[in-house]
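Please walk me through this structure.

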Amino acid sequence: MNYPALLSFACGFASLSLEILWVRLYSFAKLSTPAAFGFVLMAYLLGIALGAHAGARACRRADSDAQLWEHSIAALWLSGLLTLVLPALFGAMASVWLESAVLDLLLMATASSVLAFVFPIAHHLGTQNLEGQQGRRFALVYTSNVAGAALGPLVTGYVLLHSLSLQQSFLVICAVQCAAAVFFTLALKAKPRYGVLAGVGTLLALGGALASTLQDPHALVQSVNQTGTRAGTVIENRHGIITIFPEAGQGDAVYGGNVYDGRTNLNPEINSNGLERPLLMAALQPKPSRVLMVGLSIGTWLALVNEFPGVEQVDVVEINPGYLQAAQAYPAQARALQDPRVNVVVDDARRWLRQHPGKQYDLIIMNTTWHWRANISLLLSTEFLQLMQAHMAPGAVLSFNATGSADAFYTASKVFAHAYRYVNFVYAADFDFRARKDTAATRQLYQSLTLGGAPFFAANSPAIERFVTRPFVGIDSVQKSAGRPLEQITDYNMVTEFKYGKSLY
Amino acid sequence: MINTVLLLSFFISGCSALIYQVSWQRALYSLIGVDMDSITIIVSVFMLGIGLGGMLGGWLSDRFPLRRLQWYAGIELSIALYGSASLWLLRLLQAGLADSFLGDGAVGSAVASFGFLLLPTVLMGMTLPLLTMAFDERTANIGVSVGTLYFINTLGAATGAALVPFVLLPLWTLPQVVWVAVAGNVAVVLCAVLAAQLLPRTTAVTTTTGAPA
């Protein structure tokens, strides 16, 4: 058996698996800020570089192959230990609001450096003294590493994160490294002197972590959640992390990827979640027979839209099936999902719309997340709005949450003949719909709405008047108060993410 | 001198590779979606390509031991050519995919990523074995050679990973960022050509100074 190639494979597998897990952890902690991925990549690669450098020094200084094997086995043990310790340390720092780019960089660089230390050693062990075949033998060890690195994300992304929590996934990768260390010790009959100490320490830590994980599999996520309070519900799957915080009287707050996503409230008198925004769509399009919702979240708006008069069909495209699971705990939302008119598709919205070019809608509601989050440009860009426009029937209206981004509003105003802002939502169409808002018909419509058979608004509710009299805002006034020329978002410039987006620290 | 030039070239090569990776990943999201499946497919195809390239680079290194630097330069030039046409190719792919029997679904996404990423990643993967063997002619210790080169290459990659979100994308658009990577590849070609020019003289000097007195 080619043990150096196998060692190289194991290190590649563990290294890329850990990278996927660190991307998940750090991105969650940093609220899916676009630069988070680049920061992890930079820190991780820096660690790999330093580890490889140290490995090269070890190759230069080693007296024998046996010594290099000993180094490698000790490195596997140490990396296993760090796989448990570093994420816990990161979580502990986050839980006391200790935010430091340098410390975070050091943590992630340390995580990757130990396995990278083995990289040159494995190549050295697998290639030396083979005159004329060195290139091929080198390539075998190298390709084994890359094969492990290709398999790591597949196993971690598809299997571990799908069925285990982030904390449990770290635990599994720790166990994999421990198993590899044991295997090479036995297979090579190595006499690991200081490796024994590292091994014992790692196994003790593994036992402790296992006991802790059995008690609370989501402890790591809880420690880095931005609210500082414990989530009542945590749903982790390979698509993301959903946390739900119970709040009496306001409706539970739902967070996706550690940022506010919505609430479960369906009471307009409480209105902790801006119900007037989706509600306005019923007034702007009096015959909304075909509705498209991009983004389900907890399903609060779906429950409301299902009650709009004239709705015959609702297609919902949601990228994370975890929300379907979360909604089951809330009767109104669960009932909305079971409505025979509702068709929920778990897919990427852009991909799904391209696959269904013939679909036409009267109403499109996008439950878009914050304009500064990673990849949000794919939903706010000119290209995506044009794709939406192609799916709008005559007289259709589109709305989306611009979350305060003047550039997102500006982009809609460039794509559509008419685009106006109401609260923080942008409403767009190819006709002027503004006159439909503040009318007697709208008041009548709101008053007649029901939810689960009961009136949606209380009798003589002042909320109706408040909702219909809130003004539309035009792009000209927003441009004047912006303090800079507004920019049209495109797939290529991503201005809300990188140019005017949220900084990491 | 020759080692310094080669190390510099490999730093830039790593930097360009990461600029491509982040840029292409981003461009592919608009084509194949941004869910976990797409991300996993892209990362895996990247690794597969680099692995295949590693095998091919190792074979070439043994087959043409005297022309390793020329191959290295040629490969970097090919990456530059591919990079300069990459976003245009992606648009073609998008149009072709919609009309093909594969469609825009998961299978189509996987095929699109595979088709788009395989060639450049194979080319990128070929560079490490070729350069390691060229470097090892002077260090005569594979562990030291690969460790040093990997250190420099990955340091360049870390720089590239940081440049894209923190410097390049706040200033420029995605196509302009890709051109930065292309410029990096061209710089690598120039370094490799310079190193190849220096090679005979350096070898001669080493032989002379290394001779017993």
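Which residue is the bridge partner of L398(A) in β11(A)? The partner is A428(A). Before going on, note how to read the model. This is a predicted model, in which local features need pLDDT of at least 70 and side-chain atom pairs count only at pLDDT 80 or more, while totals for chains, interfaces and linings use all residues. Residues are numbered from 1 along each chain as its sequence is written, and chains are lettered from A and ligands numbered from 1 in the order in which they are written.

Stay with strand β11 of chain A, which covers residues 425-429. Helices (H or I, at least four residues) and strands (E, at least two) are DSSP runs, numbered from the N terminus. Two strands pair if DSSP finds at least two bridges between them. Strand β9 (residues 392-401) of chain A pairs with β11(A) in the antiparallel sense, over four bridges. Strand β10 (residues 418-422) of chain A also pairs with β11(A) in the antiparallel sense, over five bridges. Here Y420(A) stands opposite Y427(A) of β11(A). The hairpin of β10(A) and β11(A) has two residues between the strands. One residue to look at is V423(A), which takes a positive phi near 55°.

Is β11(A) mostly covered or mostly open? It is mostly covered, with five of its five residues buried. A residue is buried if 20 or more other C-beta atoms lie within 10 Å of its own, exposed if 12 or fewer, and partly exposed in between; C-beta atoms are placed from the backbone. Both faces of β11(A) are covered. F425(A), Y427(A) and A429(A) lie on one side, and V426(A) and A428(A) on the other.

Now step back to chain A. Its secondary structure comes to 20 helices and 13 strands. The C-alpha trace spans about 90 × 45 × 40 Å along its principal axes. Of the 505 residues in chain A, 57% are buried. Two residues are in contact if their C-beta atoms, placed from the backbone, lie within 7 Å. Among contacts in chain A with a separation of 6 or more, 74% join residues 24 or more positions apart.

Chain A is divided into domain 1 (3-223), domain 2 (227-260) and domain 3 (265-499). These bounds come from an automatic or database domain assignment. The centres of domain 1 and domain 2 of chain A, taken over C-alpha atoms, are separated by 30 Å. Their contact takes 13 residues from domain 1 of chain A and eleven residues from domain 2 of chain A. On the domain 1 side, α5(A) gives the most, with four residues.

Chain B is built another way. What pattern does chain B follow along the sequence? The pattern is α-α-α-α-α-α, with six helices and zero strands. Of its 213 residues, 60% count as buried. Residues 24 or more positions apart account for 86% of the contacts in chain B with a separation of 6 or more.

Finally, the two chains meet. The contact takes 53 residues from chain B and 55 residues from chain A. On the chain B side, the largest share, 19 residues, comes from α5(B). By class, this side has 32 nonpolar, 18 polar and three charged residues. Ala, Val, Leu, Ile, Met, Phe, Trp, Tyr, Cys and Pro count as nonpolar, Asp, Glu, Lys and Arg as charged, and the others, Gly among them, as polar.
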